[in-house]
Amino acid sequence: MELSTGALLALAGFGGGTVLGVAARAGRFCAMGALEDWFLGGDTRRLRAWALAIAVAMAATQVLAHAGLIDLSRSVYLGHAIPWPGAVVGGLMFGLGMALVGTCGFGTLARIGGGDLRAVVTFLVMGVSAYMAMGGITGLLRRVVFEPRGATAQPAPSLDALVDRVAGLDTGALPGLAVAVVLGGWALGGGSFRQAPRLIWSGVAVGLAIAAGWLVTARLGADPFAPQKLESFTFVRPLGDTIVYLMTFSGAAITFGIGSVFGVIAGAFAGARLKREFRWEACDDVRELRRHLIGAFLMGTGGILAYGCTVGQGLSAASALSLTAPVTIMAIALGSRIGIAWLVEGDLRGVFARVRLAFGRQDP
């Protein structure tokens, strides 16, 4: 039986998602965990794993792009106008929601694979709220307040295109490779990080999976009879797409994103079993459930406003050298810091104090 283009892409998404899921459970690759370690303890090891993943994804993606294997201008991050207000407000909302839940959309799937029933609730609310923000009731507010208009409705150049414009020459993949070298150098500059092979392999594996996502959707998606969009991994809209697919299976089409959702859960399940960490968990009380509901709604809505999440903007958009990526990443980090201050410290006075402390410490 010959598989459709969508089915082939879904299988590819499942494979890459499995890698991400294993990295999350067995490699402790987690955005919220990295930020918590940094903010509360000054430990940058998991943050360095993220920096290494970005560096690997960026270097590999830029080499593929400048070799003519992928056209990143077709991606949502470069082919559309940049929603700058949405990047900031959506990033703050996503970060705050991430702090309330304790993880992001990607981490939610990894938790489901580990037997966390709270994550199932987060998954459902996040997916529904994402769809609401795309075309539902909150989508009306998004289009009125955050949709770019006029001069701002023109797609902004990527970082490499901007450098070429300023320099007046074609620099090729050099800007992306230069940023990747800086990020990779910082990541590997920590002595304690270099002594954590689990974090190193998880960062490298995730970065390669992001680049592979671009390549697979570019090559398989170039079907003249059933063209597919160019994309890599992100975990906001695909959660909603998965819910719709499960409800309307007979009349729905499977996609790369849906396959990646199932892949992360499968990979996380395998990783949890491998480390003997699989166990059923649920909310302790009504307050915890309420916190998860609010956080999931903020992540689903904020992720659509920002055109991505910690993976979509933090890795995929960054690998494409989108100018929204660093803005959204900083907004997410700030939003999560506000949430941590609220939950752990009881007020917002320490939001920046521990950040200064973390910067002041020297990682051995």
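**View 1. Cys-309 and the cysteines around Cys-104.** At 1% relative accessibility, Cys-309 is buried (buried means under 20% relative accessible area, exposed over 50%, partly exposed in between, with a 1.4 Å probe and protein chains only). Its sulfur is 6.3 Å from the closest cysteine sulfur, that of Cys-104, which is too far for a bond. The structure has zero disulfides (a disulfide is a pair of cysteine sulfur atoms within 2.5 Å). Cys-30 is likewise in no disulfide, with the sulfur of Cys-104 the nearest at 6.1 Å. Cys-30 counts as buried at 18%.

A friendly note on reading these views: this is a predicted model, where local features need pLDDT of at least 70, side-chain atom pairs count only at pLDDT 80 or more, and totals for chains, interfaces and linings use all residues. Residues are numbered from 1 along each chain as its sequence is written, and side-chain values use heavy atoms, without hydrogens and water.

**View 2. Asp-37 with Arg-46.** Here the two side chains form a salt bridge at 2.8 Å, N to O (a side-chain nitrogen of Lys or Arg within 4 Å of a carboxyl oxygen of Asp or Glu). Both Asp-37 and Arg-46 are buried. The structure holds eight salt bridges.

**View 3. Asp-43 with Arg-45.** This salt bridge spans 2.9 Å, N to O. Asp-43 is partly exposed at 21% relative accessibility, and Arg-45 is partly exposed at 34%.

**View 4. Glu-281 with Arg-118.** The closest N and O atoms of this salt bridge are 3.4 Å apart. Glu-281 is partly exposed at 28%, while Arg-118 is buried at 14%. Shared partners join Asp-116, Arg-118, Glu-281 and Glu-288 into one network of salt bridges.
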